[in-house]
Amino acid sequence: MYFQYGDTEINYLKRKDKRLASAIDAIGHIERRLDANLFAAVVRHIVGQQISSKAQATVWARLEARLKDVTSFTVHAASAEDLQALGMSLRKAEYIKDFADKIVSGEFDLQAVEQMSDAEAITALSSLKGIGRWTAEMILLFCLQRPDILSYDDLAIQRGLRMLYHHRKITRELFNKYQKRYSPYGSTAAIYLWAIAGGAIEGMKDYAPAKNVKLQGLDSP
């Protein structure tokens, strides 16, 4: 299952921004996979913080093999040490266990998050241990398919903006200008900015002063 967007979103963004329009034409349609299970999405994001995609996939495969079905009840039944033994840090294991425990006890209503506004859902998810604003935004985009998520805390988004518009730095004020321009289809714009940051357009460079930057969000513990 992939993030759904089409002519409505593309035509709107192309009308709003000529440079983004050129990039969209050059790149073509992008397919970004979704994680349709909200509980699993939260757990997967906690597992994946500060490790490679390959390492995340390895730990996730072990988690599925151990629990058979990754649900709040199967995680609740396991200990933090059981989860740690699958290859994650004890801190991550404790975050995941706390999340499952809160759902099983009724302290946290995960289903209610699906009906919340973006701002309310981000606040609710960010109240969980191990989940910050960036992670919450990624869950909204790649699990709940919210159409207008453009994360300032995503370093690859910032890089894509620098590359596309020839900026040396993306300030909050500058970011807000582009966020307003792309709205209400910021999520589709984000998908193209990620592609640009990843080198989808040959010859497009990053105008930031040279330094080593990890292209991920900023809230990982």
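# Close-up views of a predicted model

**View 1. Buried residues of helix H10.** Trp-134, Thr-135, Ala-136, Glu-137, Met-138, Ile-139, Leu-140, Leu-141 and Phe-142 are the buried residues of H10. The structure shown here and in the other views is a predicted model. Nine of the ten residues of H10 are buried, so by the cut-off of under 20% relative accessible area the helix is mostly covered. The partners of these buried residues are H3, helix H9 (118–126) and H13.

**View 2. Packing of helices H9 and H10.** The axes of H9 and H10 are 9 Å apart and form an angle of about 125°. The two helices are therefore oblique to each other, and the crossing of H9 and H10 is right-handed. On the H9 side the contact involves Asp-118, Ala-121, Ile-122, Leu-125 and Ser-126. On the H10 side the contact involves Arg-133, Ala-136, Glu-137, Ile-139 and Leu-140. Among these H10 residues, Ala-136, Glu-137, Ile-139 and Leu-140 are also listed as buried.

**View 3. Packing of helices H3 and H7.** Helix H3 (residues 38–48) packs against helix H7 (residues 90–105) at an angle of about 165°, and their axes are 9 Å apart. H3 is therefore roughly antiparallel to H7; angles over 145 degrees count as such. The crossing of H3 and H7 is right-handed. H3 contributes Phe-39, Val-42, Val-43, Ile-46, Val-47 and Gly-48 to the contact. H7 contributes Lys-92, Tyr-95, Ile-96, Phe-99, Ala-100 and Ile-103. An α-helix has 3.6 residues a turn, so residues three or four places apart point the same way.

View 4. Lys-102 is found in helix H7. Its relative accessibility is 16%, so Lys-102 counts as buried. With its neighbours within four places in sequence left aside, Lys-102 is in contact with Glu-107, Phe-108 and Leu-128. Ala-23 is 79 residues from Lys-102 in sequence, and the C-alpha atoms of Ala-23 and Lys-102 are 44 Å apart in space.

**View 5. The aromatic pair Tyr-5 and Tyr-192.** The model has nine aromatic pairs, counted for ring centres within 6.5 Å. In one of them, the ring centres of Tyr-5 and Tyr-192 are 6.1 Å apart and the ring planes are at 80°, so the pair is edge-to-face. Tyr-5 is in the segment before helix H1 (7–16), whereas Tyr-192 is in helix H13 (residues 186–197). The pair links distant parts of the chain, 187 residues apart.

**View 6. The aromatic pair Tyr-152 and Phe-175.** The rings of Tyr-152 and Phe-175 have centres 5.2 Å apart and planes at 65°, so this pair is edge-to-face. Tyr-152 lies in the loop between helix H10 (133–142) and helix H11 (155–165), and Phe-175 lies in helix H12 (residues 172–182), so the pair ties together parts that are 23 residues apart in sequence. Phe-175 is buried, with a relative accessibility of 0%.

**View 7. Arg-44 over the ring of Trp-60.** Arg-44 lies over the face of Trp-60. The distance to the ring centre is 4.1 Å.

View 8. The peptide bond that joins Ser-183 and Pro-184 is cis, with omega at about 15°. Pro-184 is placed in the loop between H12 and H13.

View 9. Lys-68 is not a glycine, yet its phi is positive, at about 70°. Lys-68 lies in the loop between helix H4 (53–67) and helix H5 (72–77). With a relative accessible area of 71%, Lys-68 is exposed. Gln-145, which is not a glycine either, has a positive phi of about 55°. The loop between H10 and H11 holds Gln-145. At 24% relative accessibility, Gln-145 counts as partly exposed.

Notes: Residues numbered from 1 in each chain as written. Predicted model: local features only at pLDDT ≥ 70, side-chain atom pairs only at ≥ 80, totals over all residues. Heavy atoms only, no water. Phe/Tyr/Trp six-rings, centres within 6.5 Å; stacked < 30°, edge-to-face > 60°. Helix = DSSP H or I, 4+ residues; strand = E, 2+ residues; numbered from the N terminus. Buried < 20%, exposed > 50% of the residue type's maximum accessible area, 1.4 Å probe, protein only. Lys NZ or Arg CZ within 6 Å of the ring centre and 35° of its normal. Axes fitted to C-alpha atoms, helices over the stretch in contact; angles between N-to-C directions. Parallel < 35°, antiparallel > 145°, perpendicular 65-115°, else oblique. Left-handed = near helix turned anticlockwise from the far one by under 90°. Contact = heavy atoms within 4.5 Å.
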